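These are my notebook entries on a single model, written down in the order in which I looked things up.

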Amino acid sequence: MTKLNRRRFLQTGAALASTPVLSALAQVNLFAEAPKGTADLIWGVLLHLGRNMWGDCPTAYTPPADHFTCDEKLWVELSEKAAKSGLNMIVVDLGEAVQYKSHPELAIQGAWSVEKLREDIERMRKLGLEPIPKLNFSACHDFWLGDYSRMLSTKTYYKVCADLIKEVSEIFDKPRFFHLGYDEETYDHQATYEYVVVRQKELWKKDFLFFIEQCDANGVRPWIWADYGWNHPEFIEWAPKEVLMSNWYYGKDFNPETSKYVKYYLDLDKAGYDQVPTGSNWNNDENFDLTVKFGRDNLSKERVLGYLQTPWHFTEPKDHEHNLRSIDQVGAAKEKYY
């Protein structure tokens, strides 16, 4: 298949939302090639370098920190275990944990320098792992943006976000994907926050397409959490096919007739989107196994690019066993089903 030039289609950015071009673009599927030596399917885990993605309230379950809390010894141990367990990708949740040269004001005390992050990226690659950057631009999970998280959809906000995507893409040497997050932007998910902001309708669409355009401009494929589509069925009528979708469900009952979350895997498949189904050991240890089984048995092989595990615990001693189990579950499912 000839690889199309995404930049040619998306240069006008959010303005496409009101033109027939967007509809045409939504029918185009753009495939990125895996690095040499990378297995066909993604077997990945999300690990947290940063942690300030869950609100601004000190009494929250995951209160923000003003200093770097990732235990570097455990970080290395987890990535090494991932490689030994047959995983081939680490999605790195960066947030406030890096001293970005474009916006050093975002870094917390002890944040990694760009040089240190580059060294760690190279370390992971030598282990056979593909490091993928993640910056969550959902208004529900962007506390890491500091004051800019309260400037959504302004000229300043767009510039800062564009700067960060450009810099991080360069740090990761033009990675195959760039995870934008973009999940849970609802009032209910922010009910305990001190500051609540939710984009809706055409503004949500405009900003979403802005981020897709930034990925395109930097030669990386956009990857998102797909839950916006649960309550907005029109999303898969206009979202560009280049967007890699990660629908997620963390329960045990994989009946699409009773769960809209499970059904959405089928909806995305029918609509022709590439997927990386996502599970978690957040509240049980069976979910990832069940996620992989469901994907293998029900989704088009050519559109499932792999599977991602999301333990949703930080890289800190108190969460270490939970993170280790999450990696074990990926290795076990890979061995069992593939």
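**Entry 1**

The model is a predicted one, and I read each value here as computed from it. Aspartate 173 is likewise partly exposed, with a relative accessible area of 45%. The side chains of arginine 125 and aspartate 173 meet in a salt bridge, with 2.7 Å from N to O. This pair links distant parts of the chain, since arginine 125 belongs to helix H4 (residues 114-126), while aspartate 173 sits in the loop between helix H5 (155-171) and S4, 48 residues apart. I then asked which residues are linked in a network of salt bridges here. I noted Arg118, Arg125 and Asp173 as linked in that way.

**Entry 2: other salt bridges**

Side chains of opposite charge can pair when their charged atoms come close. How many salt bridges does the count come to? I recorded 23 salt bridges, and I picked out two further pairs to describe.

Lysine 134 forms a salt bridge with aspartate 93, where the closest N and O atoms are 3.1 Å apart. Lysine 134 is in strand S3 (residues 130-134) and aspartate 93 in strand S2 (residues 89-93), so that pair, 41 residues apart, also links distant parts of the chain. Are lysine 134 and aspartate 93 buried or exposed? I found both lysine 134 and aspartate 93 to be buried.

The other pair is arginine 303 with glutamate 302, a salt bridge in which the closest N and O atoms are 3.9 Å apart. Since the limit for a salt bridge is within 4 Å, this pair is counted. Glutamate 302 has 54% relative accessibility and therefore counts as exposed, the cut-off being over 50%.

**Entry 3: aromatic pairs**

A pair of aromatic rings is described by the distance of the centres and the angle of the planes. I noted 32 aromatic pairs in the structure. One of them joins tryptophan 54 and tryptophan 312, with 5.8 Å centre to centre and 85° between the planes, an edge-to-face arrangement. Tryptophan 54 lies in the loop between strand S1 (42-48) and helix H3 (72-84), and tryptophan 312 lies in the loop between strand S8 (306-309) and helix H10 (320-337), so this pair ties together parts that are 258 residues apart in sequence. Tryptophan 54 is partly exposed, at a relative accessible area of 21%.

I next looked up phenylalanine 177 and tryptophan 223, whose ring centres are 5.5 Å apart and whose planes stand at 65°, so the pair is edge-to-face. Because phenylalanine 177 is in strand S4 (residues 177-179) and tryptophan 223 in strand S5 (residues 221-225), the pair ties together parts that are 46 residues apart in sequence. Both phenylalanine 177 and tryptophan 223 are buried.

I also found an aromatic cluster whose members include Phe137, Trp144, Tyr157, Tyr182, Trp204, Phe211 and Trp238. Over the face of tryptophan 238 lies lysine 205, at 4.9 Å from the ring centre. In another place the charged end of lysine 241 sits over the ring of tyrosine 273, 4.5 Å from its centre.

**Entry 4: pockets**

What volume does the largest pocket have? I noted about 700 Å³. Its lining has 30 residues, and those nearest its centre are Trp54, Tyr61, Thr62, Glu184 and Trp282. By class, that lining divides into 14 nonpolar, 9 polar and 7 charged residues.

The second largest pocket holds about 370 Å³ of space. It is lined by 20 residues, and closest to its centre are Glu185, Thr186, Asp227, Asn231 and His232. Helix H6 (201-217) and helix H8 (260-271) each supply at least two residues of this lining, which is made up of 8 nonpolar, 5 polar and 7 charged residues.

**Entry 5: the cavity**

I found 1 cavity of 30 Å³ or more, and the space in the largest cavity comes to about 30 Å³. Which residues line the largest cavity? I listed His48, Leu49, Gly50, Arg51, Thr69, Cys70, Phe314, Thr315 and Glu316. This lining divides into 3 nonpolar, 4 polar and 2 charged residues.

Note on methods. Residues are numbered from 1 along each chain as its sequence is written. This is a predicted model: local features need pLDDT of at least 70, side-chain atom pairs count only at pLDDT 80 or more; totals for chains, interfaces and linings use all residues. Side-chain values use heavy atoms; hydrogens and water are left out. On a 1 Å grid over the protein atoms alone, a cavity is a set of points where a 1.4 Å probe fits but cannot get out, and a pocket is an open set with protein on both sides within 12 Å along at least five of seven lines; lining residues have an atom within 4 Å of a point. Grid points are joined across faces, edges and corners, and a volume is the space filled by probe spheres set on the points. Ala, Val, Leu, Ile, Met, Phe, Trp, Tyr, Cys and Pro count as nonpolar, Asp, Glu, Lys and Arg as charged, and the others, Gly among them, as polar. Helices (H or I, at least four residues) and strands (E, at least two) are DSSP runs, numbered from the N terminus. Rings of Phe, Tyr and Trp (its six-membered ring) pair if their centres lie within 6.5 Å; planes under 30 degrees apart count as stacked, over 60 as edge-to-face and the rest as tilted. Buried means under 20% relative accessible area, exposed over 50%, partly exposed in between (1.4 Å probe, protein chains only). A charge sits over a ring if NZ of Lys or CZ of Arg is within 6 Å of the ring centre and within 35 degrees of the ring normal.
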